[in-house]
Amino acid sequence: MRRQNWKDLLAKIVYKKSKNCIVLLLLFVAITQISAQTYTLKGCVTDDADKGPLPGAHVLIVGANATDGTACDDDGKYVLTFKKPEVTIRFQSLGYVSVEKKVVFKGTHTITLDVALKLDKKYLTNVNVQAKRYEITKDNSVASMDFVDAKHIEKQNVTNLEKAFDEVSGLVIVNGEPQMRGGSGFSNGMGSRVMIMMDEMPVMRVDAGRPTWNLIPMENVDQIEVLKGSASVLYGSAAITGAINVRTAYPKGKPEYKVSVYNGFYSRPKADYRCSWTKDETPMTQGASITHSRKIKKLDLVLSAEFAHDDGFVGQEMSIDSTNMFPELYKPLDKEKRARFNFGTRYNFREGVTAGLNGNFLWSKNTMTHFWLNADSGMYRTYPNSLTEMRDLMFFLDPFFKYYTKKEGSHTIKGRFMYSDNWATNEQDSKSQMYYVDYQFAKKFQKAGNLQLFVGATGQLGRSEGNVFSGVSILDTLSEPSPKYAVNGAIYVQLEKKFLKKQNLTLLAGGRFEYFRIFETEGLNDTTVANQYTDYRPVFRAGINYLIPMSYTAFRASFGQGYRTPTIGERYITLKVGNYGFYPNPDLVAETSWNVELGINQKYKLLGIVGMFDVAGYYQRYDNYVEFFMGPWLTAEQEPVAAKRYGFKNFNTGPAQIAGIDASLMGQGNWFNDDLKFNYFFAYSFTQPTVMDTDFIFVTTATMDYDYTNTSSDPENLMMKYRIEHVFKGDIGITLFDIFSVGGSVQYYSLMKNVDKFFYLLDRFNPDAPRWVRESKAAFPFDHLKEYQETHDRGTWVFGLNASVEVYNIKLTVLVENLFNKEYSLRPMAPEAPRLTTVRLSYKFKEGEPFFPKGKYKRNKDKLVNN
């Protein structure tokens, strides 16, 4: 019996063990099957506004390796597989707000998830690429910057870049010359101290260093970025007081067409005796543009064209009596007539590899009036022989290539070939070519706390030939011109790292070493100063930004060195206009500077208003500062007629300093369920550029030594010449039901107190002028100037008005510039425009949508009726 029980007990034990083994085996098989399971997420990423696909948008697994993820195909579709049933996915695309979604698989192995990304509106947190050559928001920058978006360009009918900065503090465009924080004065368009770029490459005349404002395709601008303070470390010589970068747009979503036409007219000046055209004539301005953008599989394509014609408001040398008595002799002047074509391409070979070719072509005909006839009746007329008629053929081609590495790095190569052929009267023909190339490597080092490195090299070759820049000495106006060359080569590096737990402390440091040389063809190996100039130097910058997250307050401080080498034009210009010469100075050397800045940026939200306040104080110190002087640079032996001995010339004038304050306030709000929208902008800038050594002798002639004191009209306050101390800008806009908009603007400019002393000494109506001037029968362009300056010593207020109606994607806009028809001049002898009234009609259309979409209009119409 016991043996039987033992056998039964053994059988039970074997049975239980076998059962447990089977359970364990089944459990192992189940776990293996579960671990081998995969989960699939698929869907489409689109633009939230137009619902078009976003090819190349990234779909990434949060918390995984940086390379775990995928990119959308040409139709915006994606497929992503993984082994976890619960993940967080990030959807992102350049220019859009990133979105994170938590995905949980329950009872299924496949989920379809479509995501629409919203455009980054870039209003209060604009993306800036220039300050560090990579993305940064305004409150994280170590330097002051401003932005101009595409909406503002459309609102103000900006067809020329120089008209785009009415909402940028600290920047004034005076007669085509950019003045950033008082860093420059009158230079006749040569040697700009503000670098002008398009897509981070220069668009300046390589010979004169002059901005080519009309070459920029304003109909295809995504954003304009303005960097204040020395940017030489980033962009080299011409950026000694700042830089302006125009970023062109690429297609987003569905194919899009934009068309606009405009027409305007100038009003007669208040003082009718100053008017330069007959009573039967009305100077007009008109133009049209068209832009098309689309994605063609892996290709991004943008095409645009523009035509513009402006009669201008400055007339011939005829008096008002002659103009009215002999209207048949009246000949209207073309201030500008131009035709421009632009194209942009970008091909996405595969994820992280893009290349393309962009181009811009311009033909223009325009007139340049160097001097007005006088400061009274001849304010809007031209001084004899000072009118230059020009025809320009310009173009550039930009190849580029960019490769993103798998470990958060990138290689970028881009280049620009720019050509200019200028035909001009008064023997001012010139040709120039520019060859530019830039390589940059960018890398983020995660093991070093996300340290960001940027290192690169830049090279530029400029060639210029023609009569206007052919001089070596003052008497070289008739010499056979020889080509001039300018060569730049540079290497640069920049490091940035964020600190603290919330990554709200930013430190930045960078440096650049640049080599520069000017030479002639036959003077390549010649060491004489007249034939060549060579310079090289390192410059450095550093900055800090501390952001208080709870209050959205950002403190910044920066230090930067700058330099500017003389251009071909400044050293070799040879020109005679209206009895006055523009003379070469081959002894010019580079000017250098350093600057410091302290700033605060504060965001605020109050009563449905979101806004930003920014204020900065700055100080910049210069050595070998280059100024443009008028004086009797010819001797009696060289020119027997005393009035013809005067002219303009560039000189190094010793040390100088500029201190000032730059403040701006902006905001936007939506009230009454978004039926009422409004925005505002106010800015004030005060700058005090002063000379530090008034006894510095910058030139010695046969008759006297010239310094600051005996060449300035108002040397008492040591103010540098041709500077505007106080500038105020304001703009307010209101939109009702997304249909009606109205706005107003105001600008105030203080008087240029100090100008060339010889402007007053050659004024026949100035009692302090020399006797030979007061008794002269010949007119001078400086006549009545002293009286004008004294009667306008309180500065000038200029107002503007705009109104628009938008229905069915059709927008009708009326703009009035200089609303009260103020007669004024920011720089002596260069009048600003009288009242200009413009009507603009624009239309936008996206493929796949109704030609006249009714949804938005019907919604807003119902609101309008109900209210």
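**Stop one: a helix end**

Select T791, which lies in helix α8, residues 785-791. (Helices are DSSP runs of H or I with at least four residues, strands are runs of E with at least two, and both are numbered from the N terminus.) This is a predicted model: local features need pLDDT of at least 70, side-chain atom pairs count only at pLDDT 80 or more, and totals for chains, interfaces and linings use all residues. Residues are numbered from 1 along each chain as its sequence is written, and side-chain values use heavy atoms, leaving out hydrogens and water.

Is T791 buried or exposed? T791 is exposed, because its relative accessible area is 53%. (Buried means under 20%, exposed over 50%, partly exposed in between, with a 1.4 Å probe and protein chains only.)

Now show E787. Its backbone oxygen is 3.0 Å from the side chain of T791.

**Stop two: a strand residue**

Go to V261, in strand β18, residues 256-266. V261 counts as partly exposed because its relative accessibility is 39%.

**Stop three: confidence**

Colour by pLDDT, the predictor's confidence in each residue, from 0 to 100. The protein averages 86, and 86% of the residues score at least 70.

Select residues 29-35. Here pLDDT stays under 50, and the model has 1 contact (heavy atoms within 4.5 Å) beyond four places in sequence.

Then select residues 121-136. pLDDT stays under 50 here too. How many contacts beyond four places in sequence does the model have for residues 121-136? It has 71.

Methods. A polar contact is a pair of N or O atoms within 3.5 Å; within protein, one must be able to donate a hydrogen and the other to accept it, and residues adjacent in sequence count only if both atoms are side-chain atoms.
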